[in-house]
Amino acid sequence: MPLIDDLTAELARLPGIGRKTALRLTYHLLKRPADEVRRLARALESVAERVRPCTVCGNLTEQQPCALCGNPRRDPTLICVVEESSDIGAIERTGEYRGLYHVLGGRLSPLEGIGPDELNLRSLLPRLGGADAGTGATAGAPGVIREVIVATNPSVEGEATAVYLQQLVRPLGVRVTRLARGLPVGGDLEYADGVTIAEALAGRREL
Amino acid sequence: MTVAPTSAAFRELRLRQFRNFAELDLRLPPAGVAIIGDNGAGKTNLLEALYYLEIFRSFRGAPDERLVRFGEDGFFARAAVDGASGASEVAVGFERRGRRKRVSVNGAPPERLGDALGSVGAVVFSPSDVALVAGSPAERRRFLDIVLSLNRPGYLPALQRYRHALRNRNALLRTGASPALLLAWESGLLESGGRVMAMRAEWALLAGAGFSRRYEAISQGQSARLAYAPSVPQAGELVDAAQAAELLRGALARVAVRERDRGVTLVGPHRDDLALLVHRAGEDRDLRDYGSGGQQRTAAIALRMVEAETIRQARGREPVVLLDDVFAELDPGRSRRILELLEEEEPGQAILTAPKQSDLEVRRGSLPHWRIEDGKVLA
Ligand SMILES: Nc1ncnc2c1ncn2[C@@H]1O[C@H](COP(=O)(O)OP(=O)(O)OP(=O)(O)O)[C@@H](O)[C@H]1O
Ligand SMILES: [Mg+2]
Ligand SMILES: [Zn+2]
């Protein structure tokens, strides 16, 4: 049955879901009331249509700019650079950080063909008062940002990304710090517990 | 709480569909056993299985698929051991389909495979060890990496990080990336590479005297020595990771232009060697190039004894020695002296194999003798 096969094939493309699980999910959905399945379909459609990267920070959001960028109570002199939008949640849960964010959408990984151009770096420099890597135009409010905290994962890739960022940002006269070690090496920020992240934030050091 | 015994030992072994063993259940005597069987009976296979439970791969370098008995879907191996944390049970199952390997310690999977490595404390002496001396530097790096991964906390994670950083850096060099990007990858390479080099250097300094002493004892007065031969000049003399990293930084800078041409990283721990030297006609000469077959075998055995010494020092326990027909091809005098040395220095469990009863007469006459035939052990 092509429709069932189509759905199974789509589900099997999701991370962590093999063919078997995809089949099981498909038949599960087929047994649920049609209303419930439509709700899922609408939810998927809405995120696809309305959730976009924030034009300022790259965070996934339904409004432009995102709630964090638009919040006047956030400290506009601090930017925390993370690999993925999901890392923001982990840091927010600690309640220890009041600044802004910048989401790279990944990390440098030459083996996977991910270089600086594949990351959301182009919009970071203007926020710091530097020239846009592409247009040479400066934007934002130069001099407002005091510190960039690099919170990439403690993997080899995350460390390399941090060093690369430091090279980009340092010439602009902005302080660059890195989360203290103590995060599980090779572990993802996303999965670290709040206390560990809070400690890593408090113990951040100059890169 | 169980007190860790002073000697490591394999107590029981269960094999299912491993190499030519369909089903094998053994109780191993604490002092060890001598196993006699014809060529092809399964002697090496048995030692391979025991040591598999130490490092979760074949000491012969065979891929896991090849360890599965012909026509079967997977193998299972389990041993009750007196090891690092007292009595424990180490098990591993491998399925050909999906090439899935499941390791467990006391019934539970370890958090990382690295946590389960070396849970017994054993050394294999094998005829193929001659490649340690006669083979390429890669053989000796593999030796160093296994000895240090099993006996120096932090070595394996540093090595894994180094290799990962290296692969990424090589990918950058191949595609001619910008200096800024190369520099970004350098810090991870230096940090992990410095730790690897420092631990290798420290081990070689410690192990050197023991190697010379054993070589001399076996060869009756001929002398040989062991030295770390890092690809980064001077890194052999240091024991500090930060200094080693600085030396690596300097060495990388000196080859930067050549690296860009060649597209690969030209210096670092991945290019290290362990020098095994004899003094001849006023000069140090490499055993690899100048050693006779017998001298190379002697050096290989001395290296394995140094490995046993490392285990003893790191864990405060006697290692298990697995001796696979090691006396083949050695003159009777050398065989006897090796045996004496082993009896003197390795009082732990000894599991040894030979094709003929007579090969074992002179050795550990006290050990029980078992026969092995076509994948069956007759105790
Ligand atoms: N995956 C496998 N399944 C079944 N049998 C295998 C497998 N791999 C190897 N063998 C068999 O195991 C035998 C070799 O065993 P092993 O190497 O242990 O011999 P050995 O007793 O050490 O002999 P030698 O004295 O010549 O060293 C061979 O007969 C080989 O065909
Ligand atoms: Mg054999
Ligand atoms: Zn935003």
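At what angle do helix H7 (residues 179-219) of chain B and helix H12 (residues 332-345) of chain B pack, and how far apart are their axes? In this predicted model, local features need pLDDT of at least 70, side-chain atom pairs count only at pLDDT 80 or more, and totals for chains, interfaces and linings use all residues. Residues are numbered from 1 along each chain as its sequence is written, while chains are lettered from A and ligands numbered from 1 in the order in which they are written.

The two helices pack at about 135 degrees, with axes 8 Å apart. Axes here are lines fitted to C-alpha atoms, for helices over the stretch in contact, and angles run from 0 to 180 degrees between N-to-C directions. H7(B) and H12(B) are therefore oblique to each other; angles under 35 degrees count as roughly parallel, over 145 as roughly antiparallel, 65 to 115 as roughly perpendicular and the rest as oblique. Helices are DSSP runs (H or I, at least four residues), numbered from the N terminus.

Here is who meets whom, with contact meaning C-beta atoms, placed from the backbone, within 7 Å.

| Helix | Residues in the contact |
|---|---|
| H7(B) | Arg214(B), Ala217(B), Ile218(B) |
| H12(B) | Arg334(B), Arg337(B), Ile338(B), Leu341(B) |

Now to the other chain: 15 residues of chain B are in contact with 12 residues of chain A. On the chain B side, H6 (155-174) and H7 each give two or more residues, and H6(B) provides the largest share, 8 residues.

As for confidence, the model scores ipTM 0.78 and pTM 0.86. Chain B has a mean pLDDT (the predictor's confidence in each residue, from 0 to 100) of 91, and 96% of its residues reach 70 or more.

Notes:
Contact = placed C-beta atoms within 7 Å.
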